[in-house]
Amino acid sequence: ASSTPSSEVSLMSDWEVKMKAIVNETIQENVTSLAGVPSWMLVLLNEVLESKNADNIVEVWQNLEVYFHGGVSFSPYKDQYKKILPDSCRYYEIYNASEGFFALQDQNNSDELLLMLDYGIFYEFIDMSTYYQERPKVVPLFEVEMNKNYAIVITTNAGLWRYKVGDTVRFTNLSPYRIKVTGRTKHHINVF
């Protein structure tokens with residue numbers, strides 16, 4: 001399997017030049033999967049459609065079957081994607097950051113993410129109802145409860161120590177551990 005665009009194009013710094021180069025390079029390829037942030041990918045796909053004067057991306061890439069997305073919530077973009085991608089296209093969410101790869105959607109037609117427990121990350125969670133207290137309640141993974149909102153704290157084999165990622169999650173299943181990302185800690189109001 002190969003990927004497109006090339007490293008040379010991917011590393012271009014001028015946004016306008018880079019976008020044109022990506023479109024010109026990728027429309028020649030047999031693209032079967034996409035991966036990226038929904039907002040940026042939507043801009044790219046619309047540029048591809050415009051360059052080929054097409055209404056649906058299947059007119060450009062007949063074998064496109066999956067889009068792996070992450071970085072921001074997909075909900076605000078879902079309807080726009082449904083208009084330009086083939087009905088057969090599947091969507092899978094990944095939850096990663098520069099600090100680590102945390103979870104992925106491992107089931108079709110589900111918005112739950114399987115927490116990755118073997119990627120060199122030790123997880124702790126702060127109950128958001130105690131987040132702004134002097135001594136918030138920090139719980140290890142084996143003590144989390146379903147449907148509670150938690151801030152994620154990680155320790156990694158790369159050197160992070162009890163680092164607050166800034167995201168909040170809710171557990172939807174405890175065996176295996178499945179989560180939904182619920183927001184950011186900075187968006188939760190301190191009632192005091």
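1. Helix packing. Helix axes here are lines fitted to C-alpha atoms over the stretch in contact, and angles run from 0 to 180 degrees between N-to-C directions. The model is predicted. In it, helix α2 (residues 15-26) packs against helix α3 (residues 38-52) at an angle of about 60°, and the axes lie 10 Å apart. That angle makes α2 oblique to α3. The crossing of α2 past α3 is right-handed.

2. Residues at the helix contact. From α2 come Trp15, Met19, Ile22, Val23 and Thr26. From α3 they meet Trp40, Val43, Leu44, Glu47, Val48 and Ser51.

3. The sheet. Ten strands form an open sheet with mixed pairing. The order is β1-β2-β3-β4-β5-β10-β9-β8-β6-β7. β1 (33-36) and β7 are the edge strands; each has a single partner strand, so one side of each is left without a neighbour in the sheet. The twist averages 40° from one strand to the next. Helix α3 packs on this sheet and touches β1 and β2. The direction of α3 makes about 130° with that of β1.

4. Strands of a sheet pair through backbone hydrogen bonds, either parallel or antiparallel. β6 and strand β7 (residues 138-140) are antiparallel, with three bridges. In this pairing, isoleucine 126 stands opposite valine 138 in β7. β6 also pairs with strand β8 (residues 149-156), antiparallel over seven bridges. Here glutamate 124 faces valine 153 in β8, and aspartate 127 faces tyrosine 150 in β8. β8 then pairs with strand β9 (residues 163-174) in the antiparallel sense, over five bridges. Isoleucine 154 stands opposite tyrosine 163 in β9. Seven bridges join β9 to strand β10 (residues 177-184), again antiparallel. Threonine 168 stands opposite glycine 183 in β10.

5. Cover and turn. Where do β6 and β8 stand on burial? β6 is mostly covered, with six of its seven residues buried. β8 is mostly covered too, with seven of its eight residues buried. The hairpin of β8 and β9 has six residues between the strands. Glycine 159 in that hairpin takes a positive phi near 115°.

6. Aromatic pairs. A pair of aromatic rings is described by the distance of the centres and the angle of the planes. With a cut-off of 6.5 Å between ring centres, the count comes to 16 aromatic pairs. Why is the pair of phenylalanine 101 and tyrosine 119 classed as tilted? The ring centres are 5.8 Å apart and the planes stand at 50°. Planes under 30 degrees apart would count as stacked and over 60 as edge-to-face, so the pair of phenylalanine 101 and tyrosine 119 is tilted. The pair links distant parts of the chain, 18 residues apart. Phenylalanine 101 sits in strand β4 (residues 100-104). Tyrosine 119 sits in the loop between β5 (113-115) and β6 (121-127).

7. Exposure of that pair. Phenylalanine 101 has 27% relative accessibility, and tyrosine 119 has a relative accessible area of 40%. Partly exposed covers the range between the 20% limit for buried and the 50% limit for exposed. Phenylalanine 101 therefore counts as partly exposed, and so does tyrosine 119.

8. Aromatic cluster. Which residues do ring pairs link into a cluster? They are Tyr95, Phe102, Tyr123, Phe125, Tyr150, Phe171 and Tyr177. One of them, tyrosine 150, is the residue in β8 opposite aspartate 127.

9. Histidine 69. This residue is found in strand β2 (residues 66-69). Is histidine 69 buried or exposed? The relative accessible area of histidine 69 is 4%, so histidine 69 is buried. Leaving aside neighbours within four places in sequence, histidine 69 is in contact with Gly36, Pro38, Phe74, Tyr91, Tyr92, Glu93 and Ile94.

10. Threonine 130. The residue lies in the loop between β6 and β7. Threonine 130 is buried, at a relative accessible area of 12%. Not counting residues up to four places away in sequence, threonine 130 touches Pro136 and Lys137.

Conventions
Residues numbered from 1 in each chain as written. Predicted model: local features only at pLDDT ≥ 70, side-chain atom pairs only at ≥ 80, totals over all residues. Heavy atoms only, no water. Phe/Tyr/Trp six-rings, centres within 6.5 Å; stacked < 30°, edge-to-face > 60°. Helix = DSSP H or I, 4+ residues; strand = E, 2+ residues; numbered from the N terminus. Buried < 20%, exposed > 50% of the residue type's maximum accessible area, 1.4 Å probe, protein only. Contact = heavy atoms within 4.5 Å. Pairing = 2+ DSSP bridges. Parallel < 35°, antiparallel > 145°, perpendicular 65-115°, else oblique. Left-handed = near helix turned anticlockwise from the far one by under 90°.
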